[in-house]
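This explanation leads the reader through aromatic rings and their partners, and then turns to a region annotated in a record.

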Amino acid sequence: MVQESKATKKENTIDVDKMINGYVEKAHKALDQMSDFTQEQVDKICEAIATAGEQNNYLLAKMAVEETGRGVVEDKAIKNMFASENIWNSLRHEKTVGVIEEDKEKQLVKIAEPKGVIAGVTPVTNPTSTVIFKAMLAMKTRNTIIFGFHPQAQKCCVKTAEIIRQAAIEAGAPSDCIQWIEHPSLEATSKLMDHPNVQTILATGGPGMVKAAYSSGKPAIGVGPGNGPSYIEKSANIAESVYDIVLSKTFDNGMICSSENSVVVDSDIYDQVKEEFAKWNCYFLKGDEIKKFEENFIDPKRGTVAGPIAGKSAYEIAKLCGVNVPKDTKVIIAEYHGVGRDFPLSAEKLSPVFTMYKANGHDDAFKICRDLLDYGGRGHTAGIHSQNKKIIDEFANKMDACRILVNSPASVGGVGDLYNNMLPSLTLGTGSYGANTFSHNIGARDLLNIKTVATRRDNMQWVKVPSKTYFEHNAANYLKHMPDVERFFIVTDEKVASKFANEITDIISQRRGRKSYEVFQAVAKDPTTATIADGVHRMNIFKPDVVIAIGGGSVMDAAKAMRLFYENPQMTFEEATQKFLDIRKRTVRFPKYNAIQLVCIPTTSGTGSEVSPFAIITNDQTGIKSTLCDYSLNPDVAIVDDQFVEDLPKQLIANSGFEALAHAIESYVSTMATDFTRGWSMEAIKLIFENLEKSYNGDQAARSRMHNAATLAGMAYANAFLGVGHAMAHAIGSTYNIASGLSDAIVLPSVIRFNSKRPRKLAMRPHYSVYRADSDYAEIARSLGINGSSKQELIDSLVNKIIDLAHAVGMKLSLKENGVDEKSFNENIAKLAVEAYGDQNVVTNPSALLISEIAALLREIYMGKDLK
């Protein structure tokens, strides 16, 4: 009572009118400053906001969950990345300044002008990502924005706004282009929306706030509630449909308003669908539990989800509602038979809970879906899972929804771009159906009432490798005849230089015409940013037209980075190592072509760097290994010449062999693996198991084949990418100085066991439509001649075969056996888990891991679990 009294007294001391007038006055001054900005100035500001949002995605996600008590940190991080990366990618080439459209035949010219000062209202469900999204939208259109944050998310929203405003100012924006109400209250937000000098309202929040926005007497962009149904029609791919819905409802604990609130299933397949949901640890409420659940789950006054429920996990919700469910429950399902006030759970839920209805044919299903939309979801989103084009078309025509999602998870499908080609947005209009002005995903412009049917699509895949790969003994002689080059900058390390540098320079000396070379041999194990800077400095003096990297992965990675920063001196290391969801949509742009050619000649048989777009560089300021990844890093020529691996030490043969094996296995089960890459992966796996032990024991023919296997594995992971194994190996290696390959071998058994179990969090990638890692591992086992009566038996035998191979080449498969101090390890687990989560390789793991799961895996590999 005392605390409430003090808070009220503090609020009463604030002159709300004076505060709002001050914000609006400063916003108009900033608006005037931005009025003559060019498109280039505007885009520079937006890119700065996108970069800042993406760089701080995890920090802001963590703050949001800690403050609001809702959602999942890792999913909110993805939302922040989506708001930065996908939104900016969609806006990047959009013209929003001056003449944006000209029809010479009709003599029409369209000119873009800002609307003015925008009032931005943000929700508690998606707080930080909405701030990034709305601020970028405002800056792209040269508007200024004043935010009214949801009081329960004030701290995380303020932190977000501070970060992006500073980035915008540093990029040239006026200081008051982005502001916010520092002392939040309903009165302050209402006065902001009603202020006569605020021109437009961008409102995302509860129905009351959106209604207030529309009642302000000025243009308002608001959204309606979502009570979207999803219909699983009898022709649907049941496994894929269920996978999509579980993914959708568990993503950020179901708080995206487009997520499925009810699932309508044809009676012909009802039992199969129910069984499939059960496989994914979905809990079906028993008859006597539904009433108790309803009473606690729904607010009886509002008829919608109770405040404490939204955004909680299924297990937490069950406890709040007095129902006992297993701790690993993903989604709670109530089998239902009616819609409306008498059936409370038929309302919007904003949580991993949905109702499931049995339909007698598609006409009955359509009626149930329409009833659900009419009960609090008109205009928002409806989904259908079907292979019947006629029924899909009929569904689209009959549903009063502005987003018709076909064979897609509704939550991450509704926001656009990830699973379809709709405009990416975090403000989803509901059109006149839901008393909205807008019927589409809100973007920088467009005032049409549009119904959109968005069909799921796979992202275009690719295969990109060096334009030329030469192999067999003495393939290095290609350098005698390499065309259009004459200034050779040779990157290597001291040890390799003492053995092979003269051989390379002798070949260059045999070239006809002008030639010159310089040898840079300062690369050490785990090259640092300081080494790269030194190499770039030498290149600036020598001015090469070709770089030759001869050495192991460290040398080749260093050469890639040197070429990148030599040709792009304006790029920072932080930009180059920024994590991305989709390599084609990343915020930071890499060069489209390289003026200087790069030739890579491996002297070990493991990294595959000679054919990959990856480079692992250690930041000498932080000591953290960071991954650079872009196809502009791909070498132009790879020379796989076995003469350079004839005298490798046994430990290096073992380590590099297991690095190649990890590349091959992880790329085979990656969410980006394709029919093209799996062939390379599988051939590499078979070659390694046939030849690694022989190579280790001195067989030169086997060593030659291992050299080829490493390159094949490199081609596979260059295009399919890797998984959490490499992410953990990088973190462990940089912290405890464990060699690449050895760290891969240590984590590989545990990673296979983890990935072969049905994931707790489902991987989000359109190409990876149904979980399949267990089948992939089993297929690897079969290809190696392993017999088994079940997938699990095959997988267990594969893990044992890997362990046997590691022991045969002298490896110890636990961190403890490799000298890692247990106390130090336990102190570092949290840091290692976050560092591994931040690694680019995590993105394509077949299970979308939580940081806590990575930490559990790290604990397991310390002792080495079940190593026989």
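Over which ring does the charged end of Lys274 sit? The charged end lies over the ring of Phe284, 5.1 Å from its centre. A charge sits over a ring if NZ of Lys or CZ of Arg is within 6 Å of the ring centre and within 35 degrees of the ring normal. Lys358 likewise places its charged end over the ring of Tyr270, 4.8 Å from the centre.

The model is predicted, so local features need pLDDT of at least 70 and side-chain atom pairs count only at pLDDT 80 or more, while totals for chains, interfaces and linings use all residues. Residues are numbered from 1 along each chain as its sequence is written, and side-chain values use heavy atoms, with hydrogens and water left out.

Across the whole structure, a search finds 19 aromatic pairs. Rings of Phe, Tyr and Trp (its six-membered ring) pair if their centres lie within 6.5 Å; planes under 30 degrees apart count as stacked, over 60 as edge-to-face and the rest as tilted. One of the pairs joins Phe147 and Phe149, which are stacked at 5.3 Å centre to centre with 25 degrees between the planes.

Phe293 and Phe297 are stacked because their ring centres are 5.3 Å apart and their planes lie at 20 degrees. These two residues belong to helix α12 (residues 287–297), four residues apart, about one turn of the helix. Phe293 and Phe297 are both buried. Elsewhere, ring pairs link Tyr231, Phe366 and Phe395 into a cluster.

Technical notes
Buried means under 20% relative accessible area, exposed over 50%, partly exposed in between (1.4 Å probe, protein chains only).
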